[in-house]
Amino acid sequence: MELTTLTYLFVGTTFALYIGIAIWARASTTSEFYVAGKGIHPVANGMATAADWMSAASFISMAGLIAFNGYGASVFLMGWTGGYVLLALLLAPYLRKFGKFTVPEFIGERYYSRTARIVAVICLILASITYVIGQMKGIGVAFSRFLETDYDTGLYIGMGIVFIYSVLGGMKGITYTQIAQYCVLIFAYTVPAVFISLNITGNPIPQLGILSTMADGNTYMMDKLNLVVSELGFNEYTTQVMGSKLNMFAYTLTLMIGTAGLPHVIIRFFTVPKVKDARATAGWALVFIAILYTTAPAVGSMARLNLMNTIQTGPVGEVTANIEYEKRPQWFKNWESTGLLKFEDKNGDGRIQYYNDKNKDFAAKAESFGWKGNEMVKVDRDIMVLANPEIANLPNWVIALVVAGGLAAALSTAAGLLLAIASSISHDLLKGIFRPDISEREELMAGRIAMAGAIAMAGYFGLHPPDFAAGTVAIAFGLAASSIFPALMMGIFNKKVNRTGAVAGMITGISITMLYVFQHKGIMFIPGTSFLGDMSPNWFFGISPNAFGCVGALANFAVAIGVSKMTAPVPDHIQHLVEDIRVPAGAGAASDH
Amino acid sequence: MNRSDYWKENLRLVAILLAIWFAVSFLFGIILVDTLNVIRVGGVGLGFWFAQQGSIYTFLVLIFVYTKKMNALDRKYDVHEDK
């Protein structure tokens, strides 16, 4: 069958499935809308958490970043999995014991302050909206390829679908749908990886493929990749760092604590029946996440190898070793039409030269071949996973499957995030603070309106995303890391932190992170408004804006503890509350006030 | 047998597990990566392997060990939920 027909078929069938489940499990009460009641098994909840968690950034973007950053991209692999250890050990069981619906609700009660609750809502919305922008970028890429339109049109269509889909459902619908989405996305991710690993190394298990020799048995696959990229002036794959070691350290730490501070993930742990299950859910979620995350290094490295070999078909320097533009493969043409892949024949020889023209030594050598600069002027990292099966000449149904998987990943996360935004506005701000007498119907309606507003805003920023999908998402993690995580952790582990300290800490943390991001990436990410420029010499100790959240978090801890020492101590009944959440006994169902 | 002993034991367990968490990711995967890369696992260095594979497997083990030990601790101090 034709690729386009197959893609419509796969995407159509999976969408019908999700929407069917969403209608079948439609939320009718506020408690179902927010937390799906309490009857969800840890394994099922773990799977839904994994789908919720693994977004367009993990599915579409991450392997592309690995492909081009090699070892440097390890920050994403470690950062986005290691956070679950923090979540399981430091937060999940205690928040479950506390037994409320939202993160700001916990912060408001623990710090006995409406101000703290409002500050938490603001931090949460900033982090979540930034995160949704990253998803929108991924959705735009997937739809533009699938419908063969330009990126902007793909983005508008994606916004419409996210709107219909998440506004309808609520948490109960989302949980069951996300289980289905996990199955689709993990199948779509691993099938091409197995095929490609088999093609290149002869080993069907991608995790072992990257350690193996090439199918011809002579050289190790990674050694071969190192050779291929360094021959064209690129950095050696297995040793290239991202910025510096310090930047990588900060980046990893930011993603880890950000993971443990993101409201749409934490909210999951309110939905399990028992404290015991909250611990297990984190473990199961990581099992399902690890399947994708340990496969990603294989997808990235093998995609890079295939890409290089497609363009540079023989020894570097030989005229006929560069593919003729007219003979470029179909996938190349398809991606050119999205505008995410661009070729420019700089030396007018009708052939494609793809090399690192920023490497001075190699650029000189390239000139002697008659090359006049890198002709692949744009290779958007976010296209790699979707293009990968096409580059490897896999059957059409695999390509269609990957598109369906990418959409599943982006939609499931966007829906979860929008729900977190909706609940913080309708539940925390409206019901909790401004209009306590609001009816359930009105609260649900307010939540749905908040979702629509968030989609529109994220779509607007998605037209000019500050970074690749994964980079944009990393900024969201920085915001969550610097504001929410420290407040939650101190709320449980330090009885002495009081309301003034917590509020001052959160404001300090998120302000430092946001100012740093804005000064390098533009105010509200608007291009051209960055007053320091997004380049490494201007970075504080070489720490990139995406990695800065951990510095904000440190400031948050320091300010909160310092201010608490100087202001009125925590009242007795709050100290008892903290002691109470530290033990599992007596945990009831998540309750509404 | 009181709640503060329970809490202390909990903190000790968390501290040990987080030390391992730090070692496999930040220490082996970033700080000592070049040193460890001298040792080869198939076609890649050990440091690279920890950064892209090994740390993730270790994280999994850490969470399940924590879950098991904490559930046992809940029973030892009789603060579990099933009473």
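Which helix of chain A is the place of Leu430(A)? Leu430(A) sits in helix 17 (residues 396-434) of chain A; helices here are DSSP runs of H or I with at least four residues, strands are runs of E with at least two, and both are numbered from the N terminus. The model is a predicted one, where local features need pLDDT of at least 70 and side-chain atom pairs count only at pLDDT 80 or more, while totals for chains, interfaces and linings use all residues. Residues are numbered from 1 along each chain as its sequence is written, with chains lettered from A and ligands numbered from 1 in the order in which they are written.

Not counting residues up to four places away in sequence, Leu430(A) touches Ile425(A), Arg435(A), Ile438(A), Glu443(A) and Ala446(A); a contact means C-beta atoms, placed from the backbone, within 7 Å. Gly447(A) is 17 residues along the chain from Leu430(A), and their C-alpha atoms are separated by 9.7 Å.

Elsewhere in chain A, helix 5 and helix 13 pack at an angle of about 170°, with their axes 9 Å apart. Axes are lines fitted to C-alpha atoms over the stretch in contact, and angles run from 0 to 180 degrees between N-to-C directions. That makes helix 5 of chain A roughly antiparallel to helix 13 of chain A, a label for angles over 145 degrees. Among the residues making this contact are Trp80(A) and Tyr84(A) of helix 5 and Leu286(A) and Ile289(A) of helix 13. By class, the contact has 17 nonpolar, two polar and three charged residues (nonpolar covers Ala, Val, Leu, Ile, Met, Phe, Trp, Tyr, Cys and Pro, charged covers Asp, Glu, Lys and Arg, and the others, Gly among them, are polar).

Then there is the meeting of the two chains, which takes 43 residues from chain A and 36 residues from chain B. On the side of chain A that touches chain B, helix 13 of chain A gives the most, with twelve residues. That side divides into 26 nonpolar, ten polar and seven charged residues.

As for chain B, its elements are three helices and two strands, running α-α-β-β-α from the N terminus on. Its C-alpha trace spans about 55 × 20 × 15 Å along the principal axes. Of the 83 residues of chain B, 40% count as buried.

Notes
Angles under 35 degrees count as roughly parallel, over 145 as roughly antiparallel, 65 to 115 as roughly perpendicular and the rest as oblique. A residue is buried if 20 or more other C-beta atoms lie within 10 Å of its own, exposed if 12 or fewer, and partly exposed in between; C-beta atoms are placed from the backbone.
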